[in-house]
Amino acid sequence: MPELMQFLLSGLTVGAVYALVALGFTIIYNASDVVNFAQGEFVMLGGMITVFAYGAGAPLPLAAAVAILTTVFVGVALNKLAIEPARGAPVVSLIIITIGASILIRGVTQIVFDKQIHRFPAFTGDAPIPFFGATLLPQSLWVVGGALTVFVGLYLFFTKTLTGKAVLATANNRLAAQLVGINTGWVMTLSFGLSAAIGALAGVLVTPITLTSYDVGIGLALKGFAAAMLGGMGNPKGALVGGLLLGVIEAMTAGYLSSQYKDAAAFVVILAVLFAMPQGLFGAKSTERV
Amino acid sequence: MKLGSKHTTLLVLAVIIIVAPFFFPSSYYFRVGSLIFINGLAVTGIVILTGYAGQVSLGHAGFAGIGAYACALAPVYLGVHPGLALIIGALLSGAIAFLVGRPILRLKGYYLGVASLGFGILVAMLLTNEAQITGGPDGIRVADLGIRGLLREMGFRVKGSELWYVLTGICLLIGAWLALNLHDSPTGRALRALHGSEVAARTVGVDVARLKLQAFVISAVFASVSGSLLALQNRFITPEVAGFLHSVEMVTMAVLGGVGSVLGAIFGAAILTTLPQVLTVFAEYEYAVLGLVMMLVMIFLRDGLLPSLAKLIKGREQ
Amino acid sequence: MSLLQVDGLGIEFGGLKAVDNVGFKVEPGEIVSVIGPNGAGKTTLFNMISGIYLPKAGRVTLAGQDVTGMEPHLLARLGLSRTFQNLQIFQHMSVLENVVAGFHLEESGNVLSDLFALPGSRKRARTVRAKAEVLLARVGLERAAGAEAGSLSYGALKRLEIARALALSPKILLLDEPAAGCNAVETEEIDELIAEVAKSGVAILLVEHDMKLVMRISNHIVVLDHGEKIAEGDPETVSRNPDVIAAYLGTAAAQESEHA
């Protein structure tokens, strides 16, 4: 049993990161119907910038803050310079734009920083905590705690604040939101900023465990994307559950079947879910209007 | 010049393929040329799937992988000629596309994208992990097609790069001819109809599921043959041929050039195949520039490079 | 046995009854209109009959065959054709090709034959093209044949959709607001076209807001309000029905006098 618990714990840690990436996807998707393939680069930027700010002598919390703010800036710029001008373009064009953005960000990172693998120390030490016969890294608690905090924070934001409700209204019906006086352009900016911040935070939290380099983004984006689909695109609860579930499935596959095929397991599950429930686990059923 | 017209397109392609070598300073350019033709063939398949039928696949490199490894493995394990292996690969890809496409194509937009992406990743992973058969991530040698030897016996001495330039050029022309035939045929019309309005297509009797599947299978065969040619030309192949980036590359080439027309998409293949060769001059700026080009074209030239250029020229004339 | 028979048809969206227990019949050559205020469920009814929505209750029978929930492309084979309230044109195709696409069942054949442009494929395409030109002339769009469909006026696109629907040689044609957004002259043209099609023996099921048009050409009228059938009969009877006047004609008459 300790083995199972160990796999579960590591699965939840990785799953929490997927959930954060998926949440980022969800926020942007809801506000703009765009699936942002550059979401993984936000995570990468969060980690990489923290590494270099910390290396330059900044204390870790300051380095993390710099990283998150810079990433937010990148996210907002992506929206202003690329997504807004391409409004109304077909899905395939939008896919290429965000994949292009992802390649661009990766390319620039590799020039500004380097191609090495980096890490910075865990926030509260590396002493493993015994947990039901398994062990848990303190940093894992940070990651899972961070994901849950973000989720609760988003929930409160979307249900309790006027701005949050404006975002939801825009997601629901853009034109109607405009008619009641919501500045949908601002909602888009906010969504990209928020999404970038969440991604960067995930990068800051997980880098002490998984390490980072300029090219970790695309893999994370695919997994986060898959998690969002698994849960049902556009549903924050789905993103959280989808992410955690995906992490656990991966960890179990790696533990009991084959570590080589852990990524395959994730996609097999997603294909199965999509076939059985084309809208994902929590996705709303939509009726075509003609 | 009307972009859609079948004979113009074929003529333009043929002329370019024949005339270009007169300007080649070295045999290296023949190699780049055949790479363009190989990519162009895959991209022509994407035109059928995405340009005609409006369906997005992010996993077509999976079929290129099947085609490529069929040429690497079938001669070893089945003892068949590499040329026959290409056909086996194409049939296998078509069959797999038929099986996978059925459930996948019920999905729309991004969902279809991620489902096909999942398929592509599974193929790439299989090729990487089953190392005892596929040679694993380091790749595997591919048998000689034997045409050069045959020509030598007949008394013709040709350089490998030149031979492949001609072979792949012919394959591209055949591929383009097929895609153009399809465009104006009843099937092509039904595909374009379901692209324009799926619900209206259904009401005029188009079996949407069946037609999407046909487009998926045809484009898979194109990708497969393209993968086979790549393997046979290089005499070596790695699992990267089936990777996510190769899938994205195919779609990007097609859409960048103009996915609505065969010529546009092949133009996109030419640009994106040569760009990295040019960009090696910029060394480490390569990625940044590539990403930037992808974004700029899609933002400012939404229909793709060639249609936008054509519009510009037309505008000047008037 | 009627050509089209609808019995107790109903559907819900999120617990809300959009159409409830609606039934009526259509005979060959007859023009039956479905009228009712906005949101009465007319288009939803059309979508159920034409197989786009799956009804929750009830039955649709076409020439004696139960076709409830049958896929639209199969209904097309049985001779049911339709147009759309919100235009569903095949963009990026020429006007003529839109109509040619309407002949799909007649022209489609083997995909391999199409790929290799075998003579059979080319011949089928050619035959159908000539027929499409005839149909275009019938709706008065022959001069626009080569134009990109998206470039046509709204009224012309409405007629294009009718031509496309006629390509199927339907037994029954469902027209969803064919005159919406058309001017008086265009409305009259469509009016004539519908009457002519009905005369050739095609049954017509019509949703239309232009009451003058409806009263002039319908043999039979079904009135919906809040998803339920509140009246049915010939134009004369229906226009005198107090429920109908309250639910629909009253508001329409008021609107009409405003416009005047």
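## Close-up views of a three-chain model

**E196(C) is partly exposed, with a relative accessible area of 42%.** In this predicted model, the side chain of E196(C) forms a salt bridge with that of R138(C), with an N to O distance of 3.4 Å. E196(C) belongs to helix α8 (residues 184-199) of chain C and R138(C) to helix α6 (residues 119-138) of chain C, so the pair links parts of the chain that are 58 residues apart in sequence. R138(C) is also partly exposed, at 37% relative accessible area. Elsewhere, in chain A, a single network of salt bridges with shared partners joins K223(A), E250(A), K262(A) and D263(A). Over all chains, the count is 22 salt bridges.

**R192(B) and E97(C) form a salt bridge, with their closest N and O atoms 2.5 Å apart.** This pair crosses between chains, from helix α9 of chain B, which holds R192(B), to helix α3 (residues 95-102) of chain C, which holds E97(C). The relative accessible area of R192(B) is 9%, so this residue counts as buried under the 20% limit. E97(C) is likewise buried, at 15% relative accessibility.

**The interface of chain B and chain C contains 4 salt bridges.** One further cross-chain salt bridge pairs R189(B) with E107(C), whose closest N and O atoms are 2.9 Å apart. On the side of chain B that touches chain C, two or more residues come from each of α8 (160-183), α9 (186-196), α10 (198-203) and α11 (208-234) of chain B. Of these elements, α9(B) gives the most, with 7 residues. By class, this side of chain B has 13 nonpolar, 8 polar and 5 charged residues. In total, 26 residues of chain B are in contact with 32 residues of chain C. The two chains bury about 2,500 Å² between them, and carbon and sulfur atoms account for 64% of that area. There are 7 residue pairs in polar contact between chain B and chain C.

**Chain A and chain B bury about 4,000 Å² between them, 78% of it on carbon and sulfur atoms.** I96(A), Y261(A) and F275(A) supply 15% of the area that chain A buries against chain B, more than any other three residues. The interface has 0 salt bridges and 5 residue pairs in polar contact. At least two residues of the side of chain A that touches chain B come from each of α3 (60-83), α4 (91-112), α9 (217-231) and α11 (262-276) of chain A. With 16 residues, α4(A) gives the most to this side. The side divides into 36 nonpolar, 8 polar and 4 charged residues. Altogether, 48 residues of chain A are in contact with 38 residues of chain B.

**All 8 of the 8 residues of helix α1 (residues 42-49) of chain C are buried, so this helix is largely enclosed by the rest of the structure.** Among the buried residues are K42(C), L45(C), F46(C) and M48(C). Just after α1(C), G51(C) has a positive phi of about 85 degrees.

**Residues 9-30 and 84-102 of chain B are among the spans annotated as "transmembrane region" in an unreviewed UniProt entry.** Residues 9-30 of chain B are 68% helix and 0% strand, with end C-alpha atoms 22 Å apart. Residues 84-102 of chain B are 100% helix and 0% strand, and their end C-alpha atoms lie 27 Å apart.

**A salt bridge joins K311(B) and D303(B), with an N to O distance of 2.8 Å.** K311(B) is exposed, at 54% relative accessible area, whereas D303(B) is partly exposed, at 43%.

How values were computed. Residues are numbered from 1 along each chain as its sequence is written. Chains are lettered from A and ligands numbered from 1 in the order in which they are written. This is a predicted model: local features need pLDDT of at least 70, side-chain atom pairs count only at pLDDT 80 or more; totals for chains, interfaces and linings use all residues. Side-chain values use heavy atoms; hydrogens and water are left out. Contact means heavy atoms within 4.5 Å. Buried area is the accessible area (1.4 Å probe) that two parts lose on being put together, summed over both. A polar contact is a pair of N or O atoms within 3.5 Å; within protein, one must be able to donate a hydrogen and the other to accept it, and residues adjacent in sequence count only if both atoms are side-chain atoms. Helices (H or I, at least four residues) and strands (E, at least two) are DSSP runs, numbered from the N terminus. Ala, Val, Leu, Ile, Met, Phe, Trp, Tyr, Cys and Pro count as nonpolar, Asp, Glu, Lys and Arg as charged, and the others, Gly among them, as polar. UniProt positions are given in the numbering used here, feature names are shortened, and annotations may be inferred rather than shown by experiment. Buried means under 20% relative accessible area, exposed over 50%, partly exposed in between (1.4 Å probe, protein chains only).
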